[in-house]
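Reader: I'd like to learn how to read salt bridges in a model. Can you walk me through it?
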Amino acid sequence: MGTSVQVTPLCGVYNENPLSYLVSVDGFNFLIDCGWNDLFDTSLLEPLSRVASTIDAVLLSHPDTLHLGALPYAMKQLGLSAPVYATEPVHRLGLLTMYDQFLSRKQVSDFDLFTLDDIDNAFQNVIRLTYSQNYHLPGKGEGIVIAPHVAGHMLGGSIWRITKDGEDVIYAVDYNHRKERHLNGTVLQSFVRPAVLITDAYHALYTNQTARQQRDKEFLDTISKHLEVGGNVLLPVDTAGRVLELLLILEQHWSQRGFSFPIYFLTYVSSSTIDYVKSFLEWMSDSISKSFETSRDNAFLLRHVTLLINKTDLDNAPPGPKVVLASMGSLEAGFARDIFVEWANDPRNLVLFTETGQFGTLARMLQSSPPPKFVKVTMSKRVPLAGEELIAYEEEQNRLKREEALRASLVKEEEIKASHGSDDNSSEPMVIDTKTTHDAVGSHGPAYKDILIDGFVPPSSSVAPMFPFFDNACEWDEFGEVINPDDYVIKDEDMDRGAMHTGGDVDGRLDEATASLMLDTRPSKVISNELIVTVSCSLVKMDYEGRSDGRSIKSMIAHVSPLKLVLVHAIAEATEHLKQHCLNNICPHVYAPQIEETVDVTSDLCAYKVQLSEKLMSNVIFKKLGDSEVAWVDSEVGKTESDMRSLQPMAGAASPHKPVLVGDLKIADFKQFLSSKGVQVEFAGGGALRCGEYVTLRKVGPTGQKGGASGPQQILIEGPLCEDYYKIRDYLYSQFYLL
């Protein structure tokens with residue numbers, strides 16, 4: 001039998017809700033992504049709560065709230081305790097994203113779903129992997145190998161490959177095939193015929209008809225037009241994901257045009273975010289890495305962008321038109337919400353959305369067509385206590401401290417009494433004959449009787465009643481004075497005070513102002529009021545989500561050609577559309593399960609473990625092909641002494657086989673190769689390559705259709721039998737290994 005695989009969606013199917021899926025591989029339970037939304041709706045996590053204790057490993061794909069936002073809450077409240085795996089950028093930027101979420105919420109509400117300590121606890125033991133690194137799981141997961149690969153959507157974003165007994169389970173959501181300024185495109189197309197592909201249908205109904213250059217031009221022209229008439233521009237963004245691409249676009253354009261309009265990046269962790277990003281160049285696009293290697297030019301040394309972590313700094317900025325990138329993109333909390341309310345009634349201003357707002361949020365409402373003219377907004381803010389409220393608060397705190405001190409002293413006294421009372425060898429018990437005492441007192445008259453009876457009752461312990469006495473004498477052993485380790489423990493307040501100067505993060509990447517905000521313990525309260533906001537500013541939405549569109553999704557799934565396909569994370573229409581397309585054109589086994597519906601996608605193939613005998617391998621000659629080595633082997637199945645299947649050399653002569661060309665030719669790469677050999681080459685219609693004057697080369701799929709469907713492909717050379725024809729053919733053969 002093949003590797004047993006079951007997939008159970010816990011959130012994020014047939015809708016736009018956060019992503020969270022349970023994938024079981026031979027009984028080993030993976031939780032792939034642990035997302036939440038900006039509304040922090042706990043009802044979304046009910047399916048996760050029922051299986052959290054059974055999860056063996058957590059895989060995180062992207063550093064935003066939709067993919068990892070529920071991790072601190074799940075570990076604190078739901079019993080999730082499994083090891084977490086992610087790339088370094090997903091770990092670091094995800095941590096900052098959750099810091100920003102918590103601080104944004106804490107400023108406008110009594111947020112108590114998780115704390116900063118819960119965030120630290122969730123992320124402190126994340127196991128960091130690099131792209132294409134094969135990690136062999138220990139213990140219960142022995143035999144399973146996991147590896148992250150480039151997704152192309154966010155910095156460090158991953159496609160996860162889970163391998164067991166030679167069969168692959170690929171988890172690929174929110175990938176992007178296009179190369180961007182700071183990211184390479186996805187490597188999803190490098191996987192061929194996996195046993196299971198789990199992917200999303202989020203953009204299945206969306207087709208992007210605009211080239212990147214044209215889209216960027218429209219984006220920058222729209223911003224410039226509003227700045228030049230004296231307006232301000234607000235871009236509601238995420239904390240550390242797609243905002244990085246926007247920052248580079250603006251930085252490069254401002255450098256080329258010499259604009260003097262200020263650009264502000266405003267989140268609670270903006271400076272820490274950019275500090276981390278500067279050190280992640282090896283995770284970025286080839287052009288950024290090459291630029292740093294040759295000229296030590298770091299693309300994120302932002303010269304035209306000012307980093308802010310406090311809205312007061314923005315309010316105190318010089319007056320005039322400005323561009324502000326502020327979190328949160330949903331406008332449910334954060335600086336972007338405050339700025340929108342302030343700027344919405346000025347028709348010169350612009351609010352530019354670069355992604356679709358989460359369902360049920362203010363951003364989604366403003367993106368509706370037609371947009372509303374008025375919106376009701378509840379504005380909240382945290383203010384320090386003052387006057388009588390502060391006095392009452394301090395009195396209450398002092399009362400609680402006194403009660404706590406009294407309880408502590410009573411507990412200490414009881415412990416001392418108990419310790420002395422149990423020490424029977426240290427003193428003789430004191431015996432008091434109450435009967436004798438009573439008679440003796442009675443002989444002196446009744447006036448003294450009440451004094452003795454209502455006085456102390458002889459204690460049951462051997463200690464005479466007295467005021468508490470604490471012996472502070474030092475204890476000694478054979479090596480000297482006994483050391484109390486508690487005397488040398490650094491107190492929490494001392495650690496917090498030091499963190500304010502060095503940064504609260506392990507690597508000291510949080511600046512002093514951010515750390516001070518996190519450690520602010522001044523008494524405060526939240527005040528709220530409802531406003532009716534007149535929306536007179538311009539509202540524009542442009543696609544900078546960094547996801548492949550519907551046409552590209554279909555093409556890539558066809559290229560991967562999985563044996564079984566599971567569709568997740570999309571509205572019902574998009575899910576059903578992609579499901580029918582794949583059933584008709586790509587794969588006969590397509591599943592789109594509901595929440596908590598388990599689908600069994602175990603491979604129908606039978607897998608056997610076969611050992612390669614030393615006698616066979618000693619005569620095999622390998623040839624290097626890219627990063628691999630290949631060879632043709634003729635053998636027959638036998639058995640070893642331990643009764644294990646083994647491939648042995650053929651007893652007789654092997655029958656001849658047809659020649660096989662091993663390799664994957666990309667027309668664009670072959671064009672560059674021919675150009676380097678001095679051949680005049682250009683693209684012709686239909687993806688054909690015109691080589692010289694007479695020869696044309698084209699790639700044809702198995703059904704004769706151009707563009708290359710799934711399965712074996714043919715490369716056709718068309719033209720007269722001339723010198724150029726044979727030269728091009730030799731160049732073509734040189735790109736393959738002939739077996």
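Author: Let's start with accessibility: buried means under 20% relative accessible area, exposed over 50%, and partly exposed in between (1.4 Å probe, protein chains only). Keep in mind that this is a predicted model, where local features need pLDDT of at least 70, side-chain atom pairs count only at pLDDT 80 or more, and totals for chains, interfaces and linings use all residues. Residues are numbered from 1 along each chain as its sequence is written, and side-chain values use heavy atoms, with hydrogens and water left out.

Reader: What counts as a salt bridge?

Author: Side chains of opposite charge can pair when their charged atoms come close. The cut-off here is a side-chain nitrogen of Lys or Arg within 4 Å of a carboxyl oxygen of Asp or Glu. Searching the whole structure gives 23 salt bridges.

Reader: Which residue meets Glu88 in a salt bridge?

Author: That's Arg92, at 3.2 Å, N to O. Both sit in helix H4 (residues 88-106), 4 residues apart, about one turn of the helix; helices are DSSP runs (H or I, at least four residues), numbered from the N terminus. Glu88 is partly exposed at 22%, while Arg92 is buried at 8%. Glu88, Arg92 and Arg128 are linked in a salt-bridge network.

Reader: And where do Glu396 and Arg399 lie?

Author: In helix H13 (residues 387-421), 3 residues apart, about one turn. Glu396 is partly exposed at 34%, and Arg399 is partly exposed at 32%.

How values were computed
Helices (H or I, at least four residues) and strands (E, at least two) are DSSP runs, numbered from the N terminus.
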